[in-house]
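Biologist: Can you walk me through reading an interface between two chains? Start with the charged pairs, please.

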Protein chains: 2
Amino acid sequence: MNTAKKGSPLTASAHTYKLAVAPMDLVVTADRLAAQMTSVLRAWGMPDEHVAVTVDKILYADLRGIDSHGCTTLAFYQRLRADGVLNPRAVISVTRRDGATALVDGGSGLGHAPATQAMALAIEMAAAHGIGSVAVCNSGHFGAAGAYASMAAATGLIGLVTTSTPTPTVVPTHGRQAMLGTNPIAFAAPARRHPMFLLDMATSTASFGKVLEQWRKGRAIPDRWMLDQHAAPLTTGHAALSNQRLTPLGGDLDGASYKGYGLAMMVEILSAALAGLAFADPRLGRRPRVGHFLLALDPSRFSAAAAFTDHVDALIDAMHGTDPVEAGRPVLVPGDPERAMLAERAANGIPLTANVVDDLREVARVSGVPFLLDGARS
Amino acid sequence: MNTAKKGSPLTASAHTYKLAVAPMDLVVTADRLAAQMTSVLRAWGMPDEHVAVTVDKILYADLRGIDSHGCTTLAFYQRLRADGVLNPRAVISVTRRDGATALVDGGSGLGHAPATQAMALAIEMAAAHGIGSVAVCNSGHFGAAGAYASMAAATGLIGLVTTSTPTPTVVPTHGRQAMLGTNPIAFAAPARRHPMFLLDMATSTASFGKVLEQWRKGRAIPDRWMLDQHAAPLTTGHAALSNQRLTPLGGDLDGASYKGYGLAMMVEILSAALAGLAFADPRLGRRPRVGHFLLALDPSRFSAAAAFTDHVDALIDAMHGTDPVEAGRPVLVPGDPERAMLAERAANGIPLTANVVDDLREVARVSGVPFLLDGARS
């Protein structure tokens with residue numbers, strides 16, 4: 001199974017980022033990218049029903065421009081598999097269920113399938129109790145949190161999703177060391193005339209994906225995104241990326257970074273502690289499996305469902321109607337940028353950098369499956 | 001009832017802040033301050049059981065240094081009463097209850113009593129279903145959100161509380177106008193060796209209370225806290241206070257203010273839309289009543305309760321043990337500063353500025369009750 005040799009690009013630190021300036025040299029259709037990912041995950045021994053869900057959730061990110069959580073994660077997963085810390089044949093089980101709560105065990109595999117199952121369960125419990133909440137333990141990276149929160153909103157419910165993250169990157173206010181992950185929060189609510197409200201945000205100021213983007217564009221990194229070991233701002237790409245210290249949302253003390261730090265701790269408690277996962281001090285070595293928290297809530301239990309969606313519409317209208325600072329740069333609401341990108345990529349395909357293509361080619365090679373993306377609409 | 005004359009200090013705009021530099025010239029005990037507030041609220045016709053709860057929740061803030069939500073709010077409430085938009089004799093009712101959800105009607109009074117009742121109900125529902133969620137409609141200002149989230153943690157549950165706020169102060173990213181309130185989030189989780197984890201944060205970068213504090217200390221306002229009508233930073237006290245435009249957490253585009261803005265919208269949806277309150281575009285006039293959302297969740301339904309509190313302890317230990325940037329300025333966790341202030345004020349009393357004392361004296365006068373704070377431990 002684990003055919004990649006130690007020392008190959010795919011067994012290097014999971015936290016290595018390739019830094020070559022890469023033009024977008026390949027555009028693929030969602031279907032072809034799905035076929036490639038499907039063949040790889042099948043070759044890893046993942047059961048077919050988990051393959052379908054996993055590919056769907058990864059593609060969710062590729063199609064919406066959340067590139068750090070799209071197909072680029074496959075190389076990261078391959079490294080985990082090679083290191084023996086990811087079980088693609090994981091058995092997912094509901095280990096407790098009582099009233100409006102449940103615990104799902106992810107079986108030490110990827111997080112997409114157990115999180116999808118958990119949100120489906122939360123939605124089912126919300127039908128009976130008005131609300132359902134599910135913790136997932138022994139899970140792995142699950143891609144974009146919004147993919148799960150939006151499942152609830154697609155059925156007329158409010159969705160709230162958090163996850164802990166395996167890599168310690170976020171430095172607490174007043175501290176020097178990266179102690180927490182980027183611990184995201186996703187929240188979705190159905191509207192009526194408008195598409196759903198969908199917030200999906202890391203509790204850090206920026207993600208590494210955004211840092212890389214600045215670097216690729218030849219721009220300095222804004223001085224409240226990253227810190228050096230003395231907690232001074234780091235604004236150059238290579239040092240920042242090797243140092244891996246992100247600020248919590250707020251950026252610095254004046255910017256109330258203790259709020260972003262507090263939110264990151266909240267997410268850690270909801271996602272990991274609630275699921276029974278001990279907090280692993282990152283200074284003591286590799287972090288263990290991650291946990292997720294998924295909640296679905298039925299607005300029709302409080303006020304009339306139609307009234308709720310009307311109120312969400314009115315809120316969105318008011319924000320869209322706010323006078324903009326710059327003409328032509330309107331006030332958006334969470335979810336707008338991703339929807340615009342979805343329309344663009346569904347029509348014109350998904351652009352991949354040369355680095356990502358190289359990674360996928362190597363993943364296909366070590367997985368023993370054909371590489372399907374050569375020259376795809378190039 | 002409404003004996004204050006139009007044009008008196010207590011009937012002026014609810015958004016007027018006194019700007020005189022005020023030394024802390026009076027220190028009162030919690031008991032004496034409670035007696036003063038009790039006599040005022042009784043004189044307003046508030047039922048005794050609501051008076052006790054309301055005073056308790058206001059004092060919660062005074063004792064913890066959350067001064068903007070302490071006894072200083074009494075003058076604000078008196079102005080609302082004089083304007084006829086606050087009913088101190090409000091009847092609170094549970095209008096819907098089904099499974100793990102309920103809706104409470106605050107009866108257009110203050111928010112402290114209905115929010116307390118709502119959290120008690122959420123805690124009760126969590127015993128039956130593992131989780132309970134309550135929306136409160138037709139409510140008013142309820143002080144510090146942490147006072148309600150901590151009710152859950154005090155009984156071994158996780159508490160999550162949000163509220164909408166009556167005054168539009170927060171400017172959406174890319175916008176010029178204040179469209180949302182400071183819409184806070186409070187989250188509490190029980191620990192074992194440590195006191196509870198307690199996050200209580202506005203989703204704006206700073207509150208007006210903090211702006212005032214900077215002004216009193218003769219400092220410039222940090223340039224990512226407030227905006228002028230062109231969305232340029234405002235850093236001088238008078239202009240900033242009369243302008244009333246706060247940035248969302250993140251501060252500016254580089255700082256990812258769209259995340260704080262997104263959180264403020266999330267809070268608006270959970271607190272107001274869910275409770276059946278229409279969003280009132282602030283450009284169209286005064287905002288209507290506010291709503292709250294209160295959730296209690298039983299960790300023992302997921303993993304063993306003792307394991308959960310141990311995990312929270314370990315997380316707090318790890319944060320406290322993070323190497324600090326400055327020796328002597330350790331990494332704190334949410335709740336630490338308020339607990340330190342509680343110890344200090346419980347022992348030594350609550351300091352009040354001359355402005356606050358003047359306000360309370362005037363509130364006592366128009367309410368027709370004796371002023372009890374003259375010379376209190378001065």
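Biologist: How many salt bridges are there between chain B and chain A?

Modeller: A salt bridge is a side-chain nitrogen of Lys or Arg within 4 Å of a carboxyl oxygen of Asp or Glu. By that rule, the count between chain B and chain A is 4. One of them pairs Arg301(A) with Asp98(B), and their closest N and O atoms are 3.0 Å apart. Keep in mind that this is a predicted model, where local features need pLDDT of at least 70 and side-chain atom pairs count only at pLDDT 80 or more, while totals for chains, interfaces and linings use all residues. Side-chain values use heavy atoms, leaving out hydrogens and water.

Biologist: Which element gives the most to the side of chain B that touches chain A?

Modeller: Helices are DSSP runs (H or I, at least four residues), as are strands (E, at least two), numbered from the N terminus. Here α8(B) gives the most, with 12 residues.

Biologist: Is α8(B) buried or exposed, then?

Modeller: Buried means under 20% relative accessible area, exposed over 50%, partly exposed in between (1.4 Å probe, protein chains only). In α8(B), 16 of the 17 residues are buried, so the helix is largely enclosed by the rest of the structure.

Biologist: What area is buried between chain B and chain A?

Modeller: Buried area is the accessible area (1.4 Å probe) that two parts lose on being put together, summed over both. For this pair it's about 7,400 Å², with carbon and sulfur atoms giving 67%. His174(B), Lys259(B) and Phe302(B) supply 10% of what chain B buries against chain A, more than any other three residues.

Technical notes: Residues are numbered from 1 along each chain as its sequence is written. Chains are lettered from A and ligands numbered from 1 in the order in which they are written.
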